[in-house]
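Here is a short report on one protein structure. It starts with the overall layout and ends with local detail.

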Protein chains: 2
Amino acid sequence: MKTIKVERVLPILEWGRRYDRAIFLSDLVAALIVTIMLIPQSLAYAMLAGLPPEAGLYASIVPIILYAMFGTSRSLAVGPVAVISLMTAAAIGDVVQAGTAQYAEAALVMAALSGSMLLVMGVLKLGFLANFLSHPVIAGFITASGIIIAASQIQHLTGIQASGHNLVEVLHSLLQNISAIHLPTVVIGTLAVGFLFWVRSGLKPLLLRLGMADYSAGVVARTGPVLAVAGTTLAVWAFELDARGVSIVGTVPQTLPPFTVPGFSMELVSDLALPALLISVIGFVESISVAQTLAAKKRQRINPDQELIGLGAANIGASLTGGFPVTGGFSRSVVNFDAGAETPAAGIMTALCLAVASIALTPLVYYLPKAALAATIVVAVLSLVDLGVLRRSYAYSRSDFIAVLVTVLMTLGIGVEAGVGSGVVISLLLFLYKTSRPHVAEVGLVPETQHFRNIRRHQVLTHPQLVSMRVDESLYFANARFLEDLIYTRIADDRAVRHVVLMCSAVNEIDMSALESLEAINHRLAELGIKLHLSEVKGPVLDRLNRTDLLQHLSGKVYLSQYQAVQELTGSVISPEFCQ
Amino acid sequence: MKTIKVERVLPILEWGRRYDRAIFLSDLVAALIVTIMLIPQSLAYAMLAGLPPEAGLYASIVPIILYAMFGTSRSLAVGPVAVISLMTAAAIGDVVQAGTAQYAEAALVMAALSGSMLLVMGVLKLGFLANFLSHPVIAGFITASGIIIAASQIQHLTGIQASGHNLVEVLHSLLQNISAIHLPTVVIGTLAVGFLFWVRSGLKPLLLRLGMADYSAGVVARTGPVLAVAGTTLAVWAFELDARGVSIVGTVPQTLPPFTVPGFSMELVSDLALPALLISVIGFVESISVAQTLAAKKRQRINPDQELIGLGAANIGASLTGGFPVTGGFSRSVVNFDAGAETPAAGIMTALCLAVASIALTPLVYYLPKAALAATIVVAVLSLVDLGVLRRSYAYSRSDFIAVLVTVLMTLGIGVEAGVGSGVVISLLLFLYKTSRPHVAEVGLVPETQHFRNIRRHQVLTHPQLVSMRVDESLYFANARFLEDLIYTRIADDRAVRHVVLMCSAVNEIDMSALESLEAINHRLAELGIKLHLSEVKGPVLDRLNRTDLLQHLSGKVYLSQYQAVQELTGSVISPEFCQ
C-alpha cells in the first residue's frame, strides 16, 4: 500500500521498474531527434521572451528532468513555449528594462512564483480551476497571442526596431521606424519563412513520392527549422553578412546551466504575482490539453493535480538554473511522441543531450542570424492562429462568440493579461446572465406516452384547469424573482386555472432565495384559490426541501412523476376534458 | 396607444385621472400621521449619516414628490433610511472630515451619483442586476449593518466619543474613551430605549385590553418615537439638562429645502463611484422588497425598471435640495400603508406637511437630546437584526450559510462595502463551483411506469449492456471535462456496456466547450465499441446541436424520451434480460 502512494506522487517509480533495453533504445532515438529540434526552438523562445539565447537551453534541461520525475504524461516535453514566453516578456517588460541583468533576474522570479503557485494548486487539488477557462476563450487567446508574436518578430525579419506587447503597439512602432528597414536581413528572413512554409506543406508529400517511408518522411519534414538555421548560419559565415549589419546570435557561453537563486523583493513579487498566476493557469491548460490528447492515443491517463505538481517542479527547476517559465509544449511533445518516446526517460536523455550541446555546440550558433530564429517562431505560431473559431462560435452560440471576440480584441488591443482576464470574466458573466433568465416551457402530454414536452413545439394534450411548467434551470438567487414574475403573468391571463404543477426535472438545486420565492408563490397562488404542486423533484433537492417547512405549507402535493400528477389532478389522462 | 406609453413613464397620469374626494381624505389622514412619524426619523438618520439634522427633513421633501411622480408603488415612502445613511457616512467619512462643509457637499455628490446610476440602470432596464444579491446575503448584510448602527449610537446614548465604520473600530474607540461617560445622558438614553422597547411590545396589547380598536391601537403604538422625543425634549428644557452637558439638537434653520448644486470634482467622483453603486443597488433592493410586499397585499404590480427611474429621480432631487441618498424605507412605508394611503398623492401631501414643519416647527426641537434620537435609531435597527438567518441557512445549505457568514463577518469586521461586495462575490463563486461539479445520476426504469430515477435511491430496472446517465446540470465549460472523466470512469470498470445513453432532461444548455467534450466522448466510446445516445434533449438545445455536425458523427441516436431509447436498445422494456 505504501509504495502505491509514493508512486502516485513520484510516477518515476512506476515506469522505472518495468524499464528494459528495447524501451531504452526507443527512448534514446527519440531523445536524439528531439534534441536537434529543441536547439533552435529554445534559442528562439528565449529571444521572444527578451532573454539571452542560452536561457532557452537552460530552461529546457533541468525542467525536463523534474517533469519526468513528477509528471504523469509519458510523452509531454516541457520547456519554453511561444505563448508563455510572450506572456513572460509582457509581464517583466512592464516592470524592468529589457536586456538588463534585472530583466533576467525577474524572469527567474517569475518562474519561481509560477512554480510555487502550480505546486500549491496541485497540493490543494485546485486543478479544476483551469476548467473555468472555456475552450472558445482559450482558442481566441492562443490565436490572438499567435498574431502578436508573429507581428513582434517582424522586427527581426526586417531589422526595423519595434517594441510593445499588443498588436497596436507593435504595428505602431514598426511603422514609426520603417525607414530603418535592412535589406540583407529582409532577404534572409523572407527566404527562411518561405522555406519553412514549404517544408511544412510540400516536403513530406515530396519525400513520400520519392519513396520514403511515412515515418521517416514525417521526421525529416520536422527538421525544417534545423535546416533553415544551419543554412542561414552558413550563409552569414560565408558571405560575412554580420559585417553588413545582419543581427546574429553571437557568443553563447559554453557551460552547463548555472545555479541561480531568484532575488525576491516584496515589490517585484507583488508586481509579478497576478501575471504569474495567469502564466501558471494558461501554461497548465496548454500543457494538460497536449498531455491528454497524446495520452488518449495510447489509452493512458493523466492526473491533473499531479500534472500541476510536475509543472510546478519544472518551473522551480527553471528558476534555479538560469531559465524562465516553462510548460508542456505542443510541437515539442508531438515530436517526442512521433519519434517513439516510450517513457519519461526519453525526456531525461533529451536533457542530457542538451546539456552536452550547451557545453560543446554553442560556438556553432555564433553566426546564426536572428532573422532565421524569428522565421521559425513566425511559422510555428501562425499554425496556432485559428480565426475560424470566430466563425464557428458565431454559428453555434452568441455567448460563445462574444467570449471569443472579447478575448481576441482585448488581447490584440491591450495585451495578453487583459485578454485572458476579460475572456474568463465575460464568459462567467454570460453564463450567470443566462442562468438568471432561464428557459421555462409550458408542457403537455405527448399522446400515447407518459412523456411531457413543450406545448409550443409538440402536439400535446393539455387540460384547461391545469398548468404544467417545466423550469429549465436550477432555481437560485439570480433567477428566483424571474420565476415568480413568470408564474404570476401566466395565471393572470387565465381564470380557469386551478392547479399549477412545477415540473422540476431540470431543477438541480433550490437555494435559500429560491425557497423563499417558492414560499411566496405558494402563498400568493393559495390566495387566488390555485394549488401549487411539484413533480419530478430530484432526490438531493427533495432531501433539502424536507428540512424546511415548505412542503407542510404547500397547498398541493409533490408527485414522483409529472404523469402521476396529471393523472391524479385531472381524474384520468385521456379524458374528454383534454383538448389538443 | 400614445397615452399608455406616457403613463408607463409617468405613472402619476394613471392614478391621477381616477382621483376623487374619498381617496383624497384617506390620503390626507395618512399624510398627517406619516409626517408626525417622519420628523424624528428624519432628524435621527441625518445624525447617523453625520449631517446636520435639517438635512434629514430636506431629504424627505422633494424626493417624496419626485418618487410619487415616477415610481410605481402606491404605498412606498421614500426618504433617509438607516442602512443607506450608514453606508453614506462610511463612504464619505473615508474621503472628507466629518462635520465640515465639504462633508455635506460630498453627501450631495453621493446622492447625485447614486441618482444618475439608478436612472441609467432604469433606462437600460438593468433592474435584473439586483437579482445577483441573494436573499441570505441581503439578510446577513442588513443584520450586520443593524449591529454596527446600534453600536455607533452608543456614543450618543452615553456621551462617550466614538468613531469608526465597522464594529471593531466602534467598540475599540468606545472602550478607549470609556472614562468620558456622562451620567445624565446615560439616564435619558436608557429611559428612552426602555420606553421604546415597551411601546413596541407592550403598548398595543395594553390599548387593546383597554378597549381601543385594533387600527387605532396600532397607530398609537407607532407614535412611540414621537412620544419619546417630546418627553425627553420637555425634560431637557424643564431641568436645563443642556447646561449640564447633555447634547441637544440646537438651532435648526427655519427654511424650505435650499437649492443646492453638488460640486463635482473628478477626484471626488472617482472616490465615490463604487460606494455610490453599492448604495444604489442596496437601496434599490431594499426599496423594491418593501414595494413588492405592500403591492402584493393589494394585488398591485411593481415595475422594477420604472422603480429605478423613480428612485433615481428622488436621489437627484435630494442632491439638488440639501439632502443625501434616499430610498424606499420599510418602517415609513408600512406606516403610510397602515395609515390608509391610497395613492402617491399621500406622499405629496406628506412632503407638503414636512415643508410646513421645516418652516414652522424646527424651534420645537431645539432642546431635543441627541440621546433620544439615538434611542429611536437603536430600537428601529435592532428590529432589523436577525441572527437566526445564520441558523436557518446552516440547516438548509452549506453554501447559503457560507455566503451569510462571510457577509456578516466582513461587514462587522471591515465595513459595509467590503461586506456586501464579498457577499455577492462569494455567492456567485459558490454557485459556479457547484455547477462545475454537477450531480450525475445513473438511472433505471421505475417498474410499471415510463419513468426513470436514480438507481441508488429507487428500486428500478436496468440492463447490463446499457448505461443511462442523467446529468443534472447544463453542460458548459466549467463542467465539460468533469463529465468526460465521469463517463470514462463509469465504463472503465464494466466491459459489458454496449450503449451509453445521456439523459438530457436537466441539460438546459450545451456550450461550445461542452460540445467539444461530447465529440471527444463520442469518439472515444466509438473506439471502445460503445455507442453514445442522447435522450430527452430539449428543443432549444437540439436546435443548436443541429447546427453542428455532432449528430451526424454520433455513433448512436437521439431519442425523444429515455423510455423510447431503452425500449429500442434492449428490444423490450420488461424483458427477462432486465435485472433488478
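## Domains

Which domains does the domain assignment give for chain A? The assignment lists domain 1 (2-401) and domain 2 (440-570). Their centres, taken over C-alpha atoms, are 55 Å apart. The model is predicted.

## Contact between chains A and B

How many residues does each chain bring to the contact? Chain A provides 50 residues and chain B provides 49 residues. On the chain A side, six helices each supply at least two residues: α7 (135-158), α17 (388-396), α19 (416-436), α20 (477-492), α21 (512-527) and α22 (539-545). The most comes from α19(A), with six residues. By residue class, the side of chain A that touches chain B holds 19 nonpolar, 18 polar and 13 charged residues.

## The sheet

Chain A contains an open sheet of six strands. The order is β4-β3-β5-β6-β7-β8, and the pairing is mixed. Its edge strands are β4 (452-454) and β8 (558-559) of chain A. Each of these pairs on one side only.

Helix α20(A) packs on this sheet. It touches β3 (440-445), β5 (466-471) and β6 of chain A. The direction of α20(A) makes about 155° with that of β5(A).

## Strand β6 and its neighbours

Strand β6 of chain A covers residues 499-503. In which sense does β6(A) pair with β7(A)? The two strands pair in the parallel sense over five bridges, with β7(A) spanning residues 531-535. Within this pairing, Val500(A) has Leu532(A) as its bridge partner.

On the other pairing, β5(A) and β6(A) also run parallel, and five bridges join them. Here Leu466(A) stands opposite His499(A).

## Burial of β6

Why is β6(A) described as largely enclosed by the rest of the structure? Five of its five residues are buried, so the strand is largely enclosed. The side chains divide between two directions. His499(A), Val501(A) and Met503(A) point one way from β6(A). Val500(A) and Leu502(A) point the other way. Residues on both faces are buried.

Technical notes:
Residues numbered from 1 in each chain as written. Chains lettered and ligands numbered in written order. Predicted model: local features only at pLDDT ≥ 70, side-chain atom pairs only at ≥ 80, totals over all residues. Domains from an automatic or database assignment. Contact = placed C-beta atoms within 7 Å. Helix = DSSP H or I, 4+ residues; strand = E, 2+ residues; numbered from the N terminus. Nonpolar A, V, L, I, M, F, W, Y, C, P; charged D, E, K, R; others polar. Pairing = 2+ DSSP bridges. Axes fitted to C-alpha atoms, helices over the stretch in contact; angles between N-to-C directions. Buried ≥ 20, exposed ≤ 12 C-beta atoms within 10 Å, placed from the backbone.
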